[in-house]
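Please look through the sequence and the model shown here, and keep both in view while reading the report that follows.

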Amino acid sequence: MSEFLPFTRPYIDEATIAAVGDVLRSGWITSGPKVQAFEKALSEYFGGRPVRTFNSGTCTMEIALRIAGIGAGDEVITTPISWVATANVILEVGATPVFADIDPVTRNIDLDKVEAAITPKTRAIIPVDLSGLPVDRDHLYAIAAKHKLRVVEDAAQAIGSLWQGKRIGSFGDFVSFSFQANKNLTTTEGGCLVLNNEEEAGLAEKYRLQGVTRTGFDGMDVDILGGKFNMTDVAAVIGLNQLQQLNDITARRHALAKHYFNAFGADFEQLTGAQLPLANFENTNWHMFQLVLPQGTIRADFMQVMKEQHGIGCGVHYPPIHLFRMYRERGFKEGMFSVAESVGKRIVTLPLFPRMSEADVERVVSAVRKTLSI
Ligand SMILES: *Cc1c(COP(=O)(O)O)cnc(C)c1O
């Protein structure tokens, strides 16, 4: 059997490793000049909008909700198919999560169902760009404007993705990104929030560090309850280097995704009953290449054969959030979001990362064919 092929692997070059060494030797290792430089570079990347960095993507969404004043008694609509953080942050601020089912083709939240789920208590929508494929921003912001709702875009997976030629993050309301190890741009752990104005950015700074404001040489005050969410310079310097390589990373992911489609061939879906992702080469950054297995295929068995017989790691992104015990205890149950439940049971993430080869893609496709026995 060939060498184990994981579903993802971070892309870190020697220059980045050297830059981390420089920061560690510099005498300033937590938030400092590299964080400032990274925030400036991100702001330029996002068309000049204010950007602040944090130690996770999760906290950026929680802080965006706090800045919007969302809390107890408010409802926030989101998708059941995401990393559980997307819904957990709604609970974290004391608000009520409301799910809307997904579209089976994009696997993103179905915006018609979002509109149907709006009540007088709805204050915000958290859409997720699953695998980097953007939710329809025109439709999303039309709904938000019509119902006067805030939007916290969970663009954790969507750095480098586009909507009608514009970068995700360069327009819209709050836009949240994660720099966790598996993401297209990583700082090991981390995230950033794109904000609307300097006032929101100032609030974000307070929420990320204990609500502290400093003035002059020795002035300090605390007027809101903040947490401990700041990014370190060690992480920021990794991000600075990654950002310079992002276009190459995205281009490589596109090329590999294209190779997947070619290798699977036009008749793969018909022959197997499995579903390939939407073949989108205009908007998505190809954060993941996800297959929905045929009805009746047991995903765990599929993953076991892929791993043990073919040496290939697959991922699960994601089981439906509303069926986790903590959410069931809040009244959610099987049958409420049938598309999410059906997709959530059968979705698997195939290997896709910049240093994979075309031969690796062919190896995965051949293993998938054998495992589905065609
Ligand atoms: C990674 C991810 C998050 C959370 O980001 P962290 O940096 O791990 O906190 C949230 N939502 C989605 C869709 C993600 O992929």
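This is a predicted model: local features need pLDDT of at least 70, side-chain atom pairs count only at pLDDT 80 or more; totals for chains, interfaces and linings use all residues.

Asp 22 and Arg 25 both belong to helix H1 (residues 14–26), where they are 3 residues apart, about one turn of the helix; helices here (H or I, at least four residues) and strands (E, at least two) are DSSP runs, numbered from the N terminus. Asp 22 forms a salt bridge with Arg 25, and the closest N and O atoms of the pair are 3.4 Å apart. The term salt bridge stands for a side-chain nitrogen of Lys or Arg within 4 Å of a carboxyl oxygen of Asp or Glu. With a relative accessible area of 48%, Asp 22 is partly exposed, whereas Arg 25, at 65%, counts as exposed.

Residues are numbered from 1 along each chain as its sequence is written, and side-chain values use heavy atoms, with hydrogens and water left out.

Helix H3 (residues 58–67) is mostly covered, since 8 of its 10 residues are buried. Among the buried residues of H3 are Cys 59, Met 61, Ile 63 and Leu 65. After H3 comes Gly 69, which has a positive phi, near 75°.

Within helix H3, Arg 66 and Glu 62 lie 4 residues apart, about one turn of the helix, and their side chains meet in a salt bridge with an N to O distance of 3.0 Å. Arg 66 is partly exposed, with a relative accessible area of 30%, whereas Glu 62 counts as buried at 12%.

## Other salt bridges

How many salt bridges does a search of the whole structure find? The search finds 16. One of these pairs Asp 129 with Arg 137, whose side chains meet at 2.7 Å, N to O. Asp 129 counts as buried at 1% relative accessibility, and Arg 137 counts as buried at 2%. Elsewhere, Arg 52, Glu 198 and Glu 205 are linked in a network of salt bridges.

## Two buried loop residues

Thr 284 is found in the loop between helix H9 (268–272) and strand E12 (289–292), and at 3% relative accessibility this residue counts as buried. A polar atom of the Thr 284 side chain lies 3.5 Å from the backbone oxygen of Gly 132. Leaving aside residues up to four places away in sequence, Thr 284 touches Ser 131, Gly 132, Leu 133, Pro 134, Ser 161 and His 254, where contact means heavy atoms within 4.5 Å.

Pro 351 is in the loop between strand E13 (347–350) and helix H13 (358–371), and with 0% relative accessibility Pro 351 counts as buried. Not counting residues up to four places away in sequence, Pro 351 touches residues including Leu 5, Phe 7, Tyr 260 and Val 364. Pro 351 and Val 364 are 13 residues apart in sequence, and their C-alpha atoms are 7.6 Å apart in space.

The chain is divided into domain 1 (14–239) and domain 2 (247–371), with bounds that come from an automatic or database domain assignment. The centres of the two domains, taken over C-alpha atoms, are separated by 25 Å, and the contact takes 36 residues from domain 1 and 36 residues from domain 2. Between them the domains bury about 2900 Å², 59% of it on carbon and sulfur atoms; buried area is the accessible area (1.4 Å probe) that two parts lose on being put together, summed over both. In domain 1, Phe 99, Arg 107 and Asn 184 lose the most area to domain 2, together 24% of what that side buries.

How values were computed: Buried means under 20% relative accessible area, exposed over 50%, partly exposed in between (1.4 Å probe, protein chains only). A polar contact is a pair of N or O atoms within 3.5 Å; within protein, one must be able to donate a hydrogen and the other to accept it, and residues adjacent in sequence count only if both atoms are side-chain atoms.
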